[in-house]
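Keep the viewer open as you read.

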Amino acid sequence: MTVTRLGSGGPWEQRYGYSRVVRAGDLAWTAGCTSTVDGRVTHVGDPAAQTAQALRIGLAALAEVGAEPGDVVRTRMYVTDRLYADEVGQAHNAVFGAVRPAATLVVVAALLDREHLVEVELEAYLGDR
């Protein structure tokens, strides 16, 4: 089985020793994705926009290993306040409503950067591609 590990050049990947996306055979996973773009948090204070940005980053990473949005079978969303759940869920629905992956939404005390309100992880199944 071939394992592919790709980074995005994000500020924490080298420092903490992880890949943005890993594909092993017919499965692929992203690391936690936030709304960090070019080392800066975007959409500060807007959980829905942060979710949309994080999902775009995750889907772009999956695309690098051959996965499409329809291949996503599981998502995990971490939010820093339960009041964000509906906004985050609706942003998730805007991307995955037709796909309907298994999903988990968890409220956490904090994320690495205090401006991060949301972090997402994506898992994909690519079959025999």
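The structure holds three salt bridges, where a salt bridge is a side-chain nitrogen of Lys or Arg within 4 Å of a carboxyl oxygen of Asp or Glu. The idea behind the term is simple: side chains of opposite charge can pair when their charged atoms come close. Before we go through them, a word on what you're looking at: this is a predicted model, in which local features need pLDDT of at least 70 and side-chain atom pairs count only at pLDDT 80 or more, while totals for chains, interfaces and linings use all residues. Residues are numbered from 1 along each chain as its sequence is written, and side-chain values use heavy atoms, with hydrogens and water left out.

Start with Glu 13 and Arg 20, whose closest N and O atoms are 3.4 Å apart. Both Glu 13 and Arg 20 are buried (buried means under 20% relative accessible area, exposed over 50%, and partly exposed in between, with a 1.4 Å probe and protein chains only).

Now go to Arg 76, which pairs with Glu 123 at 2.5 Å between the closest N and O atoms. That pair links distant parts of the chain, with Arg 76 in strand E6 and Glu 123 in strand E8, 47 residues apart. Salt bridges that share partners join Arg 76, Glu 121 and Glu 123 into one network. In the link between Glu 121 and Arg 76, the closest N and O atoms are 3.6 Å apart. Here too the chain positions are distant: Glu 121 sits in strand E8 and Arg 76 in strand E6, 45 residues apart.

Six strands form an open sheet with mixed pairing, in the order E1-E2-E3-E8-E6-E7. Strands E1 (3-6) and E7 (102-107) are the edges, each pairing on one side only, and the twist averages 10° from one strand to the next. For the bookkeeping, helices (H or I, at least four residues) and strands (E, at least two) are DSSP runs numbered from the N terminus, and two strands pair if DSSP finds at least two bridges between them. Strand E3 (residues 27-30) and strand E8 (residues 118-125) pair in the antiparallel sense over three bridges. Glu 123 turns up again here, as the bridge partner of Trp 29 in E8.

Then come the helices. H2 (residues 47-64) lies across E1, E2, E3, E6 and E8, running at about 30° to E8. H3 (residues 85-96) lies across E6, E7 and E8, at about 160° to E6. The axes are lines fitted to C-alpha atoms, for helices over the stretch in contact (heavy atoms within 4.5 Å), and angles run from 0 to 180 degrees between N-to-C directions.

Zooming out, the protein has three helices and eight strands, following the pattern β-α-β-β-β-β-α-β-α-β-β along the sequence. Its radius of gyration is 14 Å, close to the 14 Å that the globule rule gives for 129 residues, so it is as compact as a globular protein of that length (the radius is taken over C-alpha atoms, and the rule is 2.2 Å times the number of residues to the power 0.38). Of the 129 residues, 36% count as buried.
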